[in-house]
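This note sets out points for a colleague's review of the structure below. Please read the numbered points alongside the sequence and the model.

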Amino acid sequence: MDEIDRAILRELQTDGRIAYADLGPKVGLSASAARQRLQRLLDAKAVQVVGVTDPMAMGGQAMALLGIGVDGDPRAVADELAGRTEVIYSVLTSGGFDLFVEVVAPGPRDLLDFVNDVVRAVEGVREVRSFPYFGIHTHRFLWDVG
């Protein structure tokens, strides 16, 4: 991946629907050259262009990242929680928590109920720490591409 590829990725992070006619000049290429570059990245599976929903715009009013400590295999807990509609994503870690889970709920009470009635009830869950998000109405996922 060279600097032009990184420039294409930076532009796509800003606007994933940018037209090649606009993308090319922004990265120093023609529209067709930008299209070919992006297609090469897609074919190599180095990048995916996907839509990301904003849970807050879809009715969620309370979000939190949950740090979960597990006795036993955290994959079983991750699998069980991943099936819940409240769970945006889950990821296994090797740090202070065994698992991080991001959740969204209609309101603060629903979030509290989910943590207490669902997450804490999963077999193997030893500890749950909640890191709530306040006043966030949009997600922006940016990866440093150089």
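1. With which residue does Asp 71 form a salt bridge? The partner is Arg 126, and the closest N and O atoms are 3.0 Å apart; a salt bridge here is a side-chain nitrogen of Lys or Arg within 4 Å of a carboxyl oxygen of Asp or Glu. Asp 71 sits in the loop between β1 and α4 and Arg 126 in strand β4, so that this pair links distant parts of the chain, 55 residues apart. Arg 126 counts as partly exposed because its relative accessibility is 45%; buried means under 20% relative accessible area, exposed over 50%, and partly exposed in between (1.4 Å probe, protein chains only).

2. Basis of the model. This is a predicted model, in which local features need pLDDT of at least 70 and side-chain atom pairs count only at pLDDT 80 or more, while totals for chains, interfaces and linings use all residues. Residues are numbered from 1 along each chain as its sequence is written, and side-chain values use heavy atoms, with hydrogens and water left out.

3. Overall arrangement. The chain holds 5 helices and 4 strands, in the order α-α-α-β-α-β-β-α-β from the N terminus. Helices (H or I, at least four residues) and strands (E, at least two) are DSSP runs, numbered from the N terminus. Of the 146 residues, 36% are buried. Among contacts between residues at least 6 apart in sequence, 64% join residues at least 24 apart, a contact being heavy atoms within 4.5 Å. The accessible surface is about 9100 Å², and 52% of this surface belongs to carbon and sulfur atoms; areas come from the Shrake-Rupley method with a 1.4 Å probe, and for residues only the protein chains shown count as cover.

4. Other salt bridges. The count comes to 11 salt bridges. In one of them, the side chains of Arg 37 and Asp 2 meet at 2.8 Å, N to O. Arg 37 lies in helix α3 (residues 31-43) and Asp 2 in the segment before α1 (3-14), so this pair ties together parts 35 residues apart in sequence. Asp 2 is partly exposed, at 32% relative accessible area. A network of salt bridges links Asp 2, Asp 5, Arg 37 and Arg 40. The side chains of Arg 84 and Glu 86 also meet in a salt bridge, at 3.2 Å, N to O; Arg 84 is partly exposed at 33%, whereas Glu 86 is buried at 18%.

5. Nonpolar cores. A nonpolar core is a set of buried Ala, Val, Leu, Ile, Met, Phe, Trp, Tyr and Cys residues joined through side-chain atoms within 4.5 Å. The largest has 21 residues, of which Leu 66, Ile 68, Leu 81, Val 101 and Val 103 touch the most other members. Two or more residues of this core come from each of β1 (62-70), α4 (74-82), β3, α5 (108-119) and β4. A second, separate core has 12 residues, including Ala 7, Leu 9, Ala 34 and Leu 38.

6. Val 115. Where does Val 115 lie? Val 115 is in helix α5 and is buried, with a relative accessible area of 6%. Leaving aside neighbours within four places in sequence, Val 115 is in contact with Leu 66, Arg 120 and Val 128.

7. Aromatic pairs. There are 2 aromatic pairs in the structure. Rings of Phe, Tyr and Trp (its six-membered ring) pair if their centres lie within 6.5 Å; planes under 30 degrees apart count as stacked, over 60 as edge-to-face and the rest as tilted. Phe 97 and Phe 131 form an edge-to-face pair, 6.3 Å centre to centre with 80 degrees between the planes. Phe 97 is buried at 14% relative accessible area, while Phe 131 is partly exposed at 39%. Ring pairs link Phe 97, Phe 100 and Phe 131 into a cluster.

8. Backbone at Lys 45. The phi angle of Lys 45 is near 60 degrees, a positive value in a residue other than glycine. Lys 45 is in the loop between α3 and β1 and is exposed, with a relative accessible area of 73%.
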